[in-house]
Every structure is written in structure tokens, then in C-alpha cells.
Amino acid sequence: MWVNYLDQALLLAALAVTVNLLVGYAGQVSVAHAAFAGVGGYTIAYLSGVHDWPYLASLAVAVLIATAFGVVIGLIALGLEQEYLILMTLAFSLGIIGVFATFDSLGGVMGLTGVDGLRLFGLELEEPSDWLIPSAVVLALVFAICRRLGESPYGRILKGIREDAVATRALGKNTFGHKIGIFAITSGLTGLIGGVYSGWLGQATPSAFGFPLAMAVFAMVIVGGNANLPGSIVAGVGLTMIEPVLRGVLGFQSTQAALLQVVLYGALLVLVMIVRPQGLFPERSKRVAAPTARATVAPRPERPDEHAADVVLRAEGLSKRFGGIVAARDISLELRRGTVTALVGPNGAGKTTVFNLLTGTIAPDAGSVTLNGAELVGMRPDLVVRAGLVRTFQDVRLLNRLTCLENVMLAVPDQQGERLGRLFVPGRAISRADRGVAAQALEWLDFVGMADQAATPSDALSYGQSKLVSLARALATRADVLLLDEPASGVDAAWVETMLSMVAAVRDEGRTVCLVEHNLDVVRELSDHTYFMELGEITASGTLAELTGSARLAEAYFGAQ
Amino acid sequence: MHDLLGAELWQLTANGLVRGAFYAALGAGLALVIGVTTRFHFAYALTYTVAPYAAFWVMDGLGAPFWPSALAGLGAAVALSVLLETAVYEPVARRAADRAMLAVLVTSIGVSTAGIALLQLKFGTSSLPFYGPQTQRHEIGPVQVSGFELQQAATCVLLVLVLTVFLARTPIGRSIKAVRSNPALAAVLGIGVRRVNLVCFAAAGLISGACALWYGLLYTVQPTMGDTTVIYGFVVAFLAGTRASPLRALPVGVGLGLLEQWASNWLSLQWTSTAVFVVLTGYLAFLAVRDRLPRLRPVSLKGA
């Protein structure tokens with residue numbers, strides 16, 4: 001009996017590890033893992049049980065079918081709000097179990113039973129002890145794959161998506177593609193585990209893959225700890241062993257023990273959620289060495305004459321309406337290389353909307369944006385960043401549970417370890433490259449004076465500090481043009497000074513800056529050229545002195561100045 | 001033959017309307033909870049299942065007549081629903097902070113599954129002999145309906161209408177709508193968000209209980225009866241809009257009910273259980289494509 005439960009424990013632990021990768025790392029809440037396991041289970045029961053296919057071949061088909069289902073569901077639901085993924089996976093669980101239960105060729109309500117005589121690599125799989133090796137191999141394989149994905153630059157993107165998908169996309173990462181990728185991979189792995197699970201059970205039944213299984217796996221993930229894969233294994237094995245203990249030690253009957261186990265899972269889930277929501281083994285973050293090198297920025301002695309510098313970014317005739325509201329009307333502006341341009345105007349004038357339009361976060365109804373002559377309108381926001389136009393957010397949007405260093409590392413472009421193909425090539429190339437990325441990120445943190453906070457989780461920072469880290473993050477994308485949304489608002493006078501010198505340093509590095517700012521001292525100090533916006537339109541431009549000199553604008557916005 | 005088919009279609013239509021009203025009420029109750037409290041209340045399945053079980057227990061164990069027992073069942077569903085919010089969801093959501101949606105969903109599935117396992121431990125895993133008063137069959141033209149079916153449909157429509165009037169006309173109803181549109185602002189204005197949440201859970205418990213009692217009289221009472229039902233509830237709630245008027249659940253629920261019944265005329269019965277999934281997939285695919293449409297549109301309208 002105990003060996004049989006150990007087989008089950010290993011397989012359920014493997015399920016918990018995959019679910020943890022999807023839910024704990026990537027933050028995508030799907031309840032369909034039991035259903036995907038069912039797809040795998042039914043595939044092998046049908047192919048190997050009924051049609052006598054070789055087990056290995058039907059396992060491969062199981063993985064393919066489960067992956068295909070994952071891709072289709074992902075394509076439909078992953079671009080929408082998170083509720084819809086939950087809803088879609090709930091309905092899929094119901095629908096697929098309904099299909100299993102109604103088709104005679106799949107055994108109807110009773111399912112496909114009597115799947116036996118399976119062989120893997122010449123190994124007869126008859127007794128529970130025969131299944132120990134396949135189960136352990138599957139767990140090891142799943143753990144290795146999930147760990148590689150989770151604890152790598154790829155996993156850093158997943159965590160970024162979990163914390164704030166919009167901010168992650170604004171650092172040049174294809175968040176939708178990564179979501180589809182991780183959903184498909186975990187679906188495929190779940191299909192594999194389901195195939196082995198059904199082989200071990202000797203049957204595939206609708207009730208084996210229902211909500212109780214989904215819930216048991218959730219309990220393991222939550223108890224073990226979000227984004228902690230070894231924790232999932234410990235909890236998976238530990239929780240599964242409740243049932244044999246109830247039977248063997250406390251003398252419960254088998255059905256009673258199974259039901260009691262479900263009750264205990266539920267109670268444990270509530271208890272852990274209230275007492276220790278991070279789980280028994282909390283997520284760990286990357287350790288970093290102390291800063292080694294200072295970023296060497298050579299300020300250029302002379303600033304180029306404003307009109308002599310060439311235009312890096314040009315927007316022409318950008319317009320956007322939301323229903324009857326005109327958010328932007330015929331916006332045209334130019335940013336010149338190595339200069340600072342300011343966008344000022346009253347609240348609600350549409351300044352942030354202009355940033356959204358320039359970066360592709362909102363598609364304009366009309367108009368064009370060119371960066372070094374290349375059209376940006378119609379490009380995905382992450383590709384706009386890769387092309388060299390990055391923005392920061394008024395509300396900062398750091399990735400809370402990641403450290404400052406990880407926040408900046410995420411922004412570094414073209415990391416080898418972000419590609420699935422490269423991740424599974426043997427060798428140390430990826431980890432060596434990642435050390436390089438960490439060093440780069442540390443340099444940018446050092447540039448903004450935050451290197452000593454590299455290991456601090458970003459939700460522990462003060463507001464001013466978080467603005468500096470978000471600047472470092474934008475710089476790390478190596479984008480030519482930076483759009484800074486209120487870099488100096490909401491911080492006290494000392495911080496304003498710091499931000500001023502930072503932006504000046506960024507400009508002196510040869511980058512092009514456009515900032516939205518209410519603090520006119522900042523604008524006066526920094527900006528070479530200023531656009532004035534009201535009601536979605538640019539109504540004046542020039543130097544700040546020229547703008548504040550206008551009687552009308554002085555009355556409309558600048559007040560007593 | 002042609003007449004027979006016609007008669008069949010009328011019968012399916014009648015069944016679809018009865019089913020549709022049932023889905024509509026369930027969806028309206030769940031939409032209220034999701035829209036106002038943002039809890040992904042999977043344990044709606046549990047409050048649904050508990051009502052007929054509690055009624056059965058009172059009837060069978062205490063020997064009470066049917067209608068008082070049914071009332072007790074309804075009370076049990078309401079009490080459990082409120083208890084879930086106070087003892088489980090609220091503390092879990094508070095602890096989980098920005099991950100509240102995941103935390104509440106997972107706990108909700110956990111509590112629901114555990115509660116159903118408890119019912120199975122106490123009452124067994126098979127269906128219960130849940131019988132009410134005698135009912136007669138009515139024949140309206142080619143259509144046969146039972147009294148229970150008519151009463152169920154009437155109850156369901158009435159529940160939706162009462163809920164609509166309750167939200168529109170009573171002070172607490174208006175508070176609920178305020179919380180639904182902006183919880184933070186509502187709290188600032190002095191509306192007790194916790195009290196509003198409790199009222200929503202009580203209403204949802206009541207609706208789920210009433211639906212389940214009728215369902216139990218018409219079909220069977222068994223532990224897993226809530227699984228399918230809650231998913232129909234979710235689908236109707238989202239299709240109708242979780243922040244919209246409960247009235248919108250009526251056409252959506254009826255549409256789903258009709259589709260499911262009509263489908264059984266042309267498709268083999270086996271596929272009707274997937275009808276809801278197909279509808280949902282279609283709807284979400286539409287949403288996904290609609291969101292991306294502006295990007296596909298040619299954008300080089302310079303000077304337009």
C-alpha cells in the first residue's frame with residue numbers, strides 16, 4: 001500500500017511543480033491542470049489501453065494534445081483580463097470532463113478501465129513498485145524543466161508578468177508571447193504527468209480528473225509556497241501521505257480516508273492562507289555581490305545647439321478619441337538628440353496620453369510616430385522599446401516582490417536566457433551571460449546612486465528611491481529616447497535636486513529625454529524646448545521663458561509666475 | 001413526421017425556457033457577488049448543494065413537513081454563504097493583499113470541495129431520496145410541463161426581478177451599487193463595505209438555495225450537483241456583465257438554456273454538455289479579437 005501511495009505522491013508533486021511554475025512564477029491563475037492531466041490520462045488509456053499503442057508513443061501524443069489545447073485556450077484567454085482565464089479554464093475543466101463522461105468510446109461515466117501491460121524501455125509496469133522509477137523520473141524531469149525556466153532570465157520575465165504585465169511590456173518584453181509559452185509548456189507537462197498517472201492507476205475516469213484533484217494540487221502549491229519548487233515537492237509528498245496515514249495508522253476505510261483527506265486539504269488551505277499566505281517555504285530572491293565597478297559616464301563638454309541637433313523622434317498628427325472624448329487632437333512634436341524636451345499643461349490635458357500614443361500602449365486613430373525615420377505606429381509596445389523608445393510611469397510601477405537589481409536586470413535587452421531554445425542547451429553560457437546582465441544592472445543602479453539597495457525588495461523603497469530605480473530600469477533598456485512621466489513629482493526638495501542632476505546626467509550621456517512635469521523649476525532648469533498642452537492639443541511651444549511670458553498661458557496655467 | 005418534429009421543438013423550447021430562467025437566476029446571484037465583492041466565489045456550488053441536503057436532514061431526521069424543511073434549507077444556504085465571507089474570504093483577502101483574487105479563488109475551491117466531501121461522509125456518495133409534495137403535469141398545446149417546472153421558472157424570474165428592484169429602490173441596494181462602481185470611494189463616503197459584502201453573499205446564498213431546492217425536486221440531489229451548475233452561473237454572470245443590472249442575466253440565461261436544449265435536437269445528446277463551453281469560447285474569442293482589432297486596422301491615415 002505504501003509504495004502505491006509513494007507513486008501517487010511523486011506524480012502529484014510533479015503536478016504541483018508545474019502548477020507552481022504557472023501560478024507562482026507567472027501569476028496566471030488556471031484551474032484546468034486537472035483537466036489537462038485528464039487529457040493526458042485519457043490519451044494513453046485510449047491509445048495504449050484500447051488500441052495497444054506503445055506506451056511511450058501514446059505519452060508523446062498525450063503531451064502534444066495537451067499542449068495544443070493549452071495553446072488554443074491561451075490564445076483566446078491570455079490577452080484578456082485575468083478573470084477570463086479563470087472562467088475559461090473552469091469551463092474547459094467542466095467541458096472536457098463532460099466529453100469524457102458522455103462518449104461510449106471513452107467508456108462513459110465509468111471511464112476507460114483495465115489499462116495494463118504497459119511497458120517503458122523494456123520495463124514491465126505491473127506492480128506498484130514498478131511505477132516508482134517512472135514516477136521519480138517524471139518528477140525529476142518536470143522539476144528540472146520548471147526550475148530551469150523559473151530560475152532564469154525567462155523566469156524573471158514570468159515574475160515580471162506576475163507583478164505588473166504592463167510595466168514588464170514597457171521594458172521591451174513580449175508579455176503575451178511569454179504567457180502563451182508558459183501556458184503551453186505547463187499544459188504539455190501536465191499532459192505527460194496525467195499520462196503516467198493514468199498508467200499507474202490502470203484507468204482513466206472522469207472523477208479522477210475533477211475538481212478534487214485540481215484542489216489537491218492547489219493545496220500543495222499553496223502549502224509549499226508560491227514560486228518555490230522544492231516546497232511544492234515537499235508539500236506534494238507530505239499531503240499525499242495523509243491518506244495512507246489515515247488508513248494505515250488510524251484505521252479508516254479507504255473511501256472514508258479519501259474523503260477525509262479532501263476535508264483536511266480544504267482546512268489546511270484556509271489555515272495557510274490566513275496564517276502564512278506565503279507558504280511554508282517562501283519565494284527566495286537573487287543574491288547579489290557588492291557593486292564592483294562604477295559606471296563611467298563621460299559628460300560631453302558642450303551641449304549641441306538645440307536646432308542644430310537632429311530630430312530623433314517625430315510625431316505628426318496623432319489623434320485619439322475615446323467615444324466622444326478627444327484625448328489627443330493632431331499632436332505633432334519633435335525630440336532632438338541629446339536635448340531635454342518638456343511637456344507641460346494642466347491636469348487632464350492629455351500629456352500621459354501622448355506618452356501612451358508614442359509608445360504604442362494606445363493605438364492612435366490617426367497620425368504617425370517615427371524614430372530615426374522608422375514608423376512606430378502599429379508596432380507592439382515591447383517592440384517600440386526594442387526600437388529605442390522607453391517610458392517611465394507616473395505611478396512608478398516597480399515590480400514589488402522583485403529586488404531592485406532584478407527590476408533593472410529585467411530591463412536589459414537581448415538576454416540569451418530569455419529564449420527557450422537557448423535555455424536547454426547544456427553548458428554554463430546562460431549563467432555566465434546572466435552574471436554579465438547583473439553587472440550591467442548594477443552599473444545602472446550605481447549610476448542613479450542606488451547600488452547599495454540592489455538586494456532590497458522594491459516594495460521596501462521610499463517613493464523617491466523607487467523613482468530612481470525606475471529611471472535605472474529605463475536606462476538599462478539602452479533605449480535612445482526616454483519619456484519620463486513626472487520624474488520629480490511627489491518628492492521633497494532634496495529629491496528634486498537629485499532627480500534634476502540625474503536627468504541632466506542622462507542627457508549628457510547623449511540620450512534624448514522628454515518629460516512631463518508640473519514642477520516648473522525642474523522644467524526651467526532642464527528643458528531646451530517646451531510644449532504646452534491643454535484639452536488634448538498642443539497650443540504653444542518654445543522655451544519656457546517664452547511660454548511663461550504669454551499672458552494667456554500665464555492666466556490659464558502658470559498662475560502668478 | 002413534420003408535426004412530430006414541430007411538437008418536439010416546442011417541447012425543447014419550453015424546457016429551454018425553464019432551464020434558462022434557472023441559469024439566469026444563478027448567474028444574477030453570482031454576478032452580484034463577483035461584481036460587488038470581487039470574490040471569485042466558487043463555493044457558490046457548496047451553498048447550492050447544502051440547501052437540499054439541509055432540507056433533507058430536517059425532513060428526514062426531524063420528521064418536519066416539506067415546506068418548513070425547504071425553508072430551513074434556504075436558511076442554511078444563506079447562513080453558509082455569509083459565514084464563508086466572514087470566516088474565510090474576508091480574512092484571506094486581507095492577508096493576500098494584491099493577490100486576493102488568486103487566494104480567494106483557491107480557498108473557495110478548497111472550501112467547496114472539502115464541504116462536499118463532508119456531505120459525502122455524512123450522507124454517502126449516492127443521491128438522496130429528496131421528495132416534495134405531489135405535482136401534476138400540465139399540457140399546453142403540444143408541450144408538457146410539470147407544476148414544479150412552472151413554479152421553478154416563476155421563482156427564478158421573480159428572484160431576478162426582486163433583486164433588480166432591491167438594488168434600485170432600497171438604501172442598501174443603492175449602497176451596493178455604489179460599492180460596485182467604486183469600493184474605495186464608497187468607503188470614503190461612509191458606506192460600510194463589509195456590510196454591503198455580507199448582504200450580497202446573503203442574497204447569493206438565497207438564490208443558490210432556492211434554485212437548488214427546485215432542482216432537487218425536479219431531478220436528483222447528489223453531492224456533485226453543484227459542479228456543473230456553478231460553472232453555468234459563472235458563464236451567465238460574465239456574459240451578462242458582473243457589473244450590469246441583474247435583468248441582463250435573463251436574456252443570457254434563457255439564450256443559453258434554449259441553445260442547450262435546441263442543440264440536443266440536432267446534435268447527439270453527448271455534445272450538449274459542451275454547449276456552454278462553446279458559447280463561452282466564442283464570446284471570449286470575440287473579446288480577444290475585438291481588443292486587437294484597432295491594431296489590425298491600417299493606421300497610415302496621415303492628415304486624416
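Predicted model: local features only at pLDDT ≥ 70, side-chain atom pairs only at ≥ 80, totals over all residues.
Helices and strands are taken here as DSSP runs, a helix being H or I over at least four residues and a strand being E over at least two.

View 1. An unreviewed UniProt entry places the feature "transmembrane region" at residues 53–78, 85–111, 131–150, 180–200 and 258–277 of chain A. Over residues 85–111 of chain A the chain is 67% helix and 0% strand, with the C-alpha atoms at the ends 28 Å apart. Over residues 258–277 of chain A the figures are 90% helix and 0% strand, and here the end C-alpha atoms are 26 Å apart.

**View 2. The largest nonpolar core, with 288 residues.** The residues with the most contacts inside this core are Leu445(A), Ala472(A), Ala24(B) and Val236(B). Its largest share, 16 residues, is supplied by helix α1 of chain B, which covers residues 2–37. Because domain 1 (2–210) and domain 2 (311–558) of chain A both give residues to the core, it lies between them.

**View 3. The surroundings of Val236(B).** Leaving aside residues up to four places away in sequence, Val236(B) touches Tyr23(B), Ala24(B), Leu26(B) and Gly27(B), and also Ala249(B), Val252(B), Gly253(B) and Leu256(B).

**View 4. The contact between chain B and chain A.** Here 47 residues of chain B are in contact with 49 residues of chain A. On the side of chain B that touches chain A, at least two residues each are supplied by α3 (66–96), α4 (100–123), α9 (225–240) and α12 (275–296) of chain B, and the largest share, 15 residues, comes from α4(B). The residues of this side of chain B divide into 31 nonpolar, eleven polar and five charged.

Key:
Residues numbered from 1 in each chain as written. Chains lettered and ligands numbered in written order. Core = buried A, V, L, I, M, F, W, Y, C linked by C-beta atoms within 7 Å. Buried ≥ 20, exposed ≤ 12 C-beta atoms within 10 Å, placed from the backbone. Domains from an automatic or database assignment. Contact = placed C-beta atoms within 7 Å. UniProt positions renumbered as here; feature names shortened; annotations may be inferred. Nonpolar A, V, L, I, M, F, W, Y, C, P; charged D, E, K, R; others polar.
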